[in-house]
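Visitor: I am new to this structure. Please show me how to read a few of its features.

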Amino acid sequence: MNKYKIIIEYSGTNFVGWQKQTNGISIQSCIENALFKLTGEKTTIFGAGRTDAGVHAKGQVAHFEIKKVISLDSIRDGLNQHLKKNPISILKSEKVDNGFNARFSAKIRTYQYRIINRRSPLTIEKNLALGVFKKLNVNEMKKGAKFFIGKYDFNAFRSIDCQSSSSVKTVNSCEVNEINEEITVDVSARSFLHSQVRIMVGTLIEIGKGKIKSKELAEIISSKDRSRAGPTVPAHGLYLMKVKY
C-alpha cells in the first residue's frame with residue numbers, strides 16, 4: 001500500500017463538518033468520492049482535525065492509502081478536478097511513510113478566529129467571520145489571551161458534548177491582533193477540547209465588551225465552571241490554519 005498526505009483548503013459553510021455523517025454532506029465524504037473516481041479504489045481518509053459544521057480550513061491535513069502509485073501532481077490536480085463542484089481545494093500532496101498519521105502524528109494545531117468589529121452588518125464576510133457591532137477593547141482582549149497560555153484544566157472551556165476523558169490541555173500560544181476593522185484570535189495547541197477555541201474566543205469578546213475583566217480569566221480557568229466563561233461563538237468565524245508534525 002502507498003500512503004499519501006494532502007493539505008486541504010475548504011469553506012465549511014454548507015457542510016455538516018469534516019467527518020462523515022448520515023445527516024448531510026461532509027468534507028471527508030466528498031474527498032473519498034473524488035479519490036474513488038480518480039483511482040477506482042475505495043479508501044478512507046483521516047484528517048488532522050475534525051472540524052465542526054461551518055468551520056473552515058486553510059491548512060487541514062489528511063492521509064490515505066491506495067494500492068496504485070500516482071504522481072503527486074496527478075493526485076492534487078485529479079482530486080481538484082473531481083472536487084470542482086465543491087468549495088474544497090487540494091493545495092499539496094506528498095508521499096509519506098507507513099508510520100505517518102495525520103491525526104496522531106500532529107504536534108501542533110493552529111486555529112484562527114476572525115471577528116469583524118464595526119457598526120454595519122456583514123455582507124461579503126457574512127459566513128466567513130463573526131460580526132461584533134459594539135466597539136471592543138482589543139488591549140484588554142490581548143491581556144486576557146495571555147492567561148490561556150500554559151497547561152491547565154480547561155473544563156470551563158469545553159462543550160457539554162465533549163467526549164474527552166480529560167480536560168487538561170496545554171495551550172502553546174494565544175494571540176489577539178487587530179488590523180483596521182478585523183480582529184483575529186490565533187490559538188495553538190497539540191489538541192483541543194470540543195468547542196474550546198470558540199468558548200475561549202467568546203470569553204475574550206466578553207472581556208472586550210467590558211463584561212468580564214481580563215484579570216478574572218485566571219479565576220475562571222481555576223473554577224473549571226463552564227457557566228463562568230463566555231458564550232460559544234458561532235462556527236463560521238473559525239479556521240483550521242495549519243498543522244505541524
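Guide: We can begin with a pair of side chains: those of Arg114 and Glu125 are joined by a polar contact of 3.1 Å. A polar contact is a pair of N or O atoms within 3.5 Å; within protein, one must be able to donate a hydrogen and the other to accept it, and residues adjacent in sequence count only if both atoms are side-chain atoms. This is a predicted model, where local features need pLDDT of at least 70 and side-chain atom pairs 80 or more, while totals for chains, interfaces and linings use all residues. Residues are numbered from 1 along each chain as its sequence is written, and side-chain values use heavy atoms, leaving out hydrogens and water.

Visitor: Is Arg114 buried or exposed?

Guide: Buried means under 20% relative accessible area, exposed over 50%, and partly exposed in between (1.4 Å probe, protein chains only). Arg114 has 9% relative accessibility, so it counts as buried.

Visitor: How many disulfides does the structure hold?

Guide: A disulfide is a pair of cysteine sulfur atoms within 2.5 Å. The structure holds zero. For Cys174, the closest cysteine sulfur is in Cys162, 18 Å away, which is too far for a bond. Cys174 is buried, at 5% relative accessibility, and Cys30 is buried at 10%.
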